[in-house]
2 protein chains.
Amino acid sequence: MISENHTTIKTIAAKLGISKGTVSKALQDSHEISIATKNKVLEAANELHYKPNHFASGLKSRKSKAIAVIVPDIVDSFFSLAIKGIETVTQKKGYHINIYITNDLFSKEKEIFKLLADGRVDGVLISVCHDATCNDHIKELMGLGMPLVFFDRAAEDIETGKVVTDDFKSGYIAARHLVDQGCKRVCFFSISENLSILQKRVEGFKQALLENHVNDTRKNVYQIPTDKNKCMETIISLLSDPDLRPDGIVISVELLTIPIYTACKALNINIPEELKVICFSNLQYASLLSPPLTTITQPAFEIGEQAASLICSSITNNRSLKNEKIVCPSQLDIRSSSLVY
Amino acid sequence: MISENHTTIKTIAAKLGISKGTVSKALQDSHEISIATKNKVLEAANELHYKPNHFASGLKSRKSKAIAVIVPDIVDSFFSLAIKGIETVTQKKGYHINIYITNDLFSKEKEIFKLLADGRVDGVLISVCHDATCNDHIKELMGLGMPLVFFDRAAEDIETGKVVTDDFKSGYIAARHLVDQGCKRVCFFSISENLSILQKRVEGFKQALLENHVNDTRKNVYQIPTDKNKCMETIISLLSDPDLRPDGIVISVELLTIPIYTACKALNINIPEELKVICFSNLQYASLLSPPLTTITQPAFEIGEQAASLICSSITNNRSLKNEKIVCPSQLDIRSSSLVY
């Protein structure tokens, strides 16, 4: 708690022998106050080290100058880069950011939304968790007039701003690349059937397989549990089964990279000789891995920047967001993990 | 901005036919109000979907229930893990966290401190930037009564809570390990002479060399610029110079890992055959790099947790922090990058 013995509007008014109202209006650059008075007030405010009180100004304007950023995880290169992009924009525009981490749990996401209804933030940027079963909590907060923009992981049925990448095309390009490298059995490792961005990546993936005359793709898409032990178990059992084992994998999210590389080491499966992999990832270390990892590199920083710009403009201009979608394209970075040896 | 047509204390008071003061006290669980009345008020509050107003309650209590977390970077496994540790504690205790990224720039750190004087946060957790030349901005904010705890990177001359790792010992262990592996010329690559944690790592490093009869260590410690191009240039020139080139490097911070691995590839220097490396790092991918990276693994998550607990206890109990230091030990994780081939 900041101590109470600091300069207030009253102190400044007393020093200058003018009313509190005049000081307050001068500090808000009101047209009702002369430039001479404004200058005197600003000089006194500086001299007395006046700092505006966050709560008093917030109570008046009902603006907090803060934006909530809700992410599934922060120890993930996509989300940490996206937050960096968000912060670059918000700090320029004078907004603070409150970070909330859901750990990809629906229950925690709902709890966070309850906390945000008290006016603590002026807007919300969110990448939804992968196991959400409904969107009522989001709709309720938006119903109170809260501006909200989805980045990367969006709830499809809610009309508002969305900043995403070209998931269908990226899924297509990833699968196509593995087919072109001679893979006969390409699989898609996902973590959720609910998440729309993963659904789109799967659709693109299936399209590429269809063009390669694989019509039945029911045994090409696997849901991998995110729980650490179950994740490793599932991957090992898939890679050990001669009927199921792929010779190419499109890894849909970065968090599956370590378990897949680790499982291959444990099972003595050589990447890329016996198994080619490509991952949706922003990992800075991709080129230093053994072997270097081919990635669909998402424009994480740019997605963050665009989402922040959209929410700031909605707040500043009191403009409600329609279904505005900004698509930032990803790119294929080919490295050894997917190449013909 | 949250719309105005929501339930206020006035609405609840009108519904129950009691005064606003009684409702307010009941909601604050005051001993002046009977349990029967409290229950009635809570029931009505639930029924009417009452949400407390952040600014009104903050103006009264002068508490924001928010903590500022100031870090040099967020795309760094140490800081992202530390933030995750902080968040785990703060969310349990009902605190929100505001994230500020300095990009390791002193000017930005000072700007951020100016923003925090308005009472927006109840406390500050900070890992200082590496090029700070004075601490006046920190002292000024603390002078206003703001509780502050340093984590990892601390300003030595400011008396308050500090949560750090055993930097001297870790520097010693790192150098000792390389000497034990047969290195004849071990160097320490740093990024700052000002940062106290790096000074301590250097002292430990020098101690290990001294015990190995290297008395003159003036040519064993190098400051590497953090600017991307200059960083690579400096590393390449050090590794190319036959008089300066080390056969063992203690890398003081994770951000130098990629340039050092990349420079070695470019110069055809084999790790560990020709150069052994060990890095202060929390990188999850350390064991998947080519070659796997030996690390001094810092307890980043635990440092975050401890720092958050300390600041929350200081805020809740209105307890000013003396020079309370919590040391969370690091550990040596030996992998191929430092082993005799």
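Trainee: Hi! Before we look around, what makes a residue count as buried?

Mentor: A residue is buried if 20 or more other C-beta atoms lie within 10 Å of its own. Keep in mind that this is a predicted model.

Trainee: Got it. Then is A:T165 buried or exposed?

Mentor: A:T165 has 26 C-beta neighbours inside 10 Å, so A:T165 counts as buried.

Trainee: And where is A:T165 found?

Mentor: Look in chain A, at the loop between β5 (161-164) and α8 (167-180).

Trainee: Which residues is A:T165 in contact with, leaving aside its neighbours within four places in sequence?

Mentor: Those contacts are A:S170, A:Q298, A:P299, A:I303, A:V327, A:C328, A:P329 and A:S330.

Trainee: How far apart are A:T165 and A:R153?

Mentor: In sequence they are 12 residues apart, and in space their C-alpha atoms are 9.6 Å apart.

Trainee: Okay, new topic: helices. At what angle do α10 and α11 of chain A cross?

Mentor: Helix α10 (residues 228-240) and helix α11 (residues 257-266) have axes that come within 10 Å and cross at roughly 50°. That angle makes α10(A) oblique to α11(A). Their crossing is right-handed.

Trainee: Which residues meet there?

Mentor: From α10(A) you have A:C231, A:M232, A:I235, A:I236 and A:L239, and they meet A:P259, A:I260 and A:A263 of α11(A). By class, this contact has 8 nonpolar residues, with no polar and no charged ones.

Trainee: What about α1 and α3 in chain A, at what angle do they cross?

Mentor: The axes of α1 (residues 9-16) and α3 (residues 35-47) come within 10 Å, crossing at roughly 120°. So α1(A) is oblique to α3(A). The crossing of α1(A) and α3(A) is right-handed.

Trainee: And which residues meet in that pair?

Mentor: On the α1(A) side they are A:I12, A:K15 and A:L16, and on the α3(A) side A:K40, A:V41, A:A44 and A:A45. This contact of α1(A) with α3(A) has 5 nonpolar, no polar and 2 charged residues.

Trainee: Last topic, the nonpolar cores. Which residues touch the most other members in the largest one?

Mentor: The largest nonpolar core has 180 residues, and A:L125, B:L125 and B:I251 touch the most other members. Apart from that core lies another, of 8 residues, including A:I12, A:V23, A:V41 and A:A45.

Trainee: What is B:I251 in contact with, beyond its neighbours within four places in sequence?

Mentor: Its contacts there are B:F189, B:L256, B:T257, B:I260, B:V277, B:I278, B:C279 and B:F280.

Methods
Residues numbered from 1 in each chain as written. Chains lettered and ligands numbered in written order. Predicted model: local features only at pLDDT ≥ 70, side-chain atom pairs only at ≥ 80, totals over all residues. Axes fitted to C-alpha atoms, helices over the stretch in contact; angles between N-to-C directions. Helix = DSSP H or I, 4+ residues; strand = E, 2+ residues; numbered from the N terminus. Parallel < 35°, antiparallel > 145°, perpendicular 65-115°, else oblique. Left-handed = near helix turned anticlockwise from the far one by under 90°. Contact = placed C-beta atoms within 7 Å. Nonpolar A, V, L, I, M, F, W, Y, C, P; charged D, E, K, R; others polar. Core = buried A, V, L, I, M, F, W, Y, C linked by C-beta atoms within 7 Å. Buried ≥ 20, exposed ≤ 12 C-beta atoms within 10 Å, placed from the backbone.
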